[in-house]
Amino acid sequence: MSQTSDSCLDKWMGREALAEAMIPVIGRLYRENNVVTSIHGRSLINKSTMNILKAHRFARRMSNHELLLEETAPLLNALSELELGAAAIDIARLTEKYRAEGNGASLDEYLRSELAEIVGKRGADDRTSTDVVLYGFGRIGRLLARILIEKAGGGHGLRLRAVVVRKGADNDLVKRASLLRRDSVHGSFEGTIRVDEEANTITANGVQVQVIYSDNPATVDYTEYGIKDALVVDNTGRWRDADGLSQHLQSKGVARVLLTAPGKGDLKNIVHGINHRDISDDDKIVTAASCTTNAITPVLKAINDKFGIIHGHVETVHSFTNDQNLIDNFHKGDRRGRSAALNMVITETGAAKAVAKALPELQGKLTGNAIRVPTPDVSMAILNLNLEKGTTRDEVNDFLREMSLHSDLRKQIDYIDSPDVVSTDFVGSRRAGIVDGLATISNDKNLVLYVWYDNEFGYSCQVVRVMEEMAGVNPPSFPARDVIAPIAVLETAGA
């Protein structure tokens, strides 16, 4: 083995040691201070040594500077000494700010200044707790449960209290727990799950969830289970208008309702990042629109603000869903009776029209259609746009990459320019949509964009953001302002 190889291995082992030492610090900040740490939006809570190393590697795409564990490890240790109150802290962005704006101050001095409003408050959390009920426990319901359990922290913010389903069998509770524990697409649940059949509860990572059997949303008495002023998240899709969804409000203990599908009538269709500030305290029923609407609306807003959109067509290549038949059989919908596992199926999508509910300036400017394909998750939207201002492929890609890094839409828009990525690479993405820069086509005022999206998990993350907005439980976020760094020309896959 050459000296160079020895040197590489020694360096790697040194980085492993630093990452290992970070894990208990990250855990203490979370448990004792209600501080959630992340690297450019990627949570570090309950992550392995390898995941922490990969998160640092991922940060290459954000600036010309490598994110070094030699910088982030001391920063984490310094944070742990400040007796912080509840917050969300992006250690990558905080490191960049200190590097750019420290002006000779010690790390401790800089952090005390930057985080002044939470220093010395040791775990103090001004957020009220909001009880959450999941009405339905299918694909989206179980992913919402995973995310809410992951974010449970010290019990502040959103608290998953109950799941409501129709009883399917005598061993229904055990089967529900098993589906939460194992997922063919998203992998195993990270943690432990136990079932109490006598109490009819599922306890996951210490979060006790009451399972309630009912087929009538108007007759459940949630107060019997100690649940009050709850936010009910209806993920059944059974009711989509105000009349149907208002049945939930007739049950004792319910304050508000969120639908995980496009709403009908005058219901507000909310795409977080676009119009979430339109939610008022008077809104008792809100919808989180569709997965496709969430994926394309942020990208469309960015392009419309920069270049102007005259009109466009949205074609979605969408993974099959539970609404389709596994093999050919009767279905009330056109074409959906044909086997989802064997066919590409042309179907309709309301996403193009639904965009205008969140982004009124695009009213009447978009058409849309959809093709269901034999994949279980991750879809793609192809945006064929006619612009007011001419542009180039490089200009558009640079702009969208910048939006994904440093704009108010960075939780919604991601960007990638690897020549080797395929749909499965985006399973588990927490962004609403990911622009594939290498597929961009620009011919002056004609622009074609390809946007990947995890139509299950990415959408569920958007739903949780809307829930947090409705409940008013977002913790303070640091750094409050970004340092805008030059964009590095780096391949972004494999981070």
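This is a predicted model: local features need pLDDT of at least 70, side-chain atom pairs count only at pLDDT 80 or more; totals for chains, interfaces and linings use all residues.

Beyond its neighbours within four places in sequence, Phe399 is in contact with Ala302, Ile303, Lys306 and Phe307. Glu114 stands 285 residues from Phe399 along the chain, and their C-alpha atoms are separated by 29 Å.

## Nonpolar cores

Ile303, one of the contacts of Phe399, also figures in the largest nonpolar core, which has 77 residues. Leu134, Ile303, Leu383 and Met467 are the residues with the most contacts inside that core. Helix α12 (residues 457–471) provides the largest share of this core, with 9 residues. A second, separate core comprises 34 residues, including Ala87, Leu94, Leu115 and Ile118.

When neighbours within four places in sequence are left aside, the contacts of Ile303 include Gly308, Ile309, Leu385 and Leu387. Val396, Phe399 and Leu400 are also among them, as are Leu447 and Leu449.

## Backbone features

Most residues other than glycine have a negative phi, and most peptide bonds are trans. Asn103 has a positive phi, near 50°, and is found in the loop between α4 (91–101) and α5 (107–114). Ala289 likewise has a positive phi, about 55°, and lies in the loop between β12 (285–287) and α9 (291–307). Asn103 is exposed, with a relative accessible area of 75%, whereas Ala289 is buried, with a relative accessible area of 1%.

The peptide bond joining Phe478 and Pro479 is cis, with omega about -5°. Pro479 is placed in the segment after β20 (477–478).

## Overall architecture

The protein contains 12 helices and 20 strands. Its C-alpha trace spans about 65 × 60 × 50 Å along the principal axes. The radius of gyration is 23 Å, which agrees with the value near 23 Å for a compact globule of 495 residues. Of the contacts with a separation of 6 or more, 73% join residues 24 or more positions apart.

Buried residues account for 53% of the 495 residues. The protein exposes about 22,600 Å², of which carbon and sulfur atoms supply 47%. There are 59 positive and 66 negative side chains, and the centres of these two sets lie 3 Å apart.

How values were computed: Residues are numbered from 1 along each chain as its sequence is written. Side-chain values use heavy atoms; hydrogens and water are left out. A nonpolar core is a set of buried Ala, Val, Leu, Ile, Met, Phe, Trp, Tyr and Cys residues joined through side-chain atoms within 4.5 Å. Buried means under 20% relative accessible area, exposed over 50%, partly exposed in between (1.4 Å probe, protein chains only). Helices (H or I, at least four residues) and strands (E, at least two) are DSSP runs, numbered from the N terminus. Contact means heavy atoms within 4.5 Å. The radius of gyration is taken over C-alpha atoms; the globule rule is 2.2 Å times the number of residues to the power 0.38. Accessible areas come from the Shrake-Rupley method with a 1.4 Å probe; for residues, only the protein chains shown count as cover. Lys and Arg count as positive and Asp and Glu as negative; His and the chain ends are not counted. The place of a charge is taken as NZ of Lys, CZ of Arg, CG of Asp or CD of Glu.
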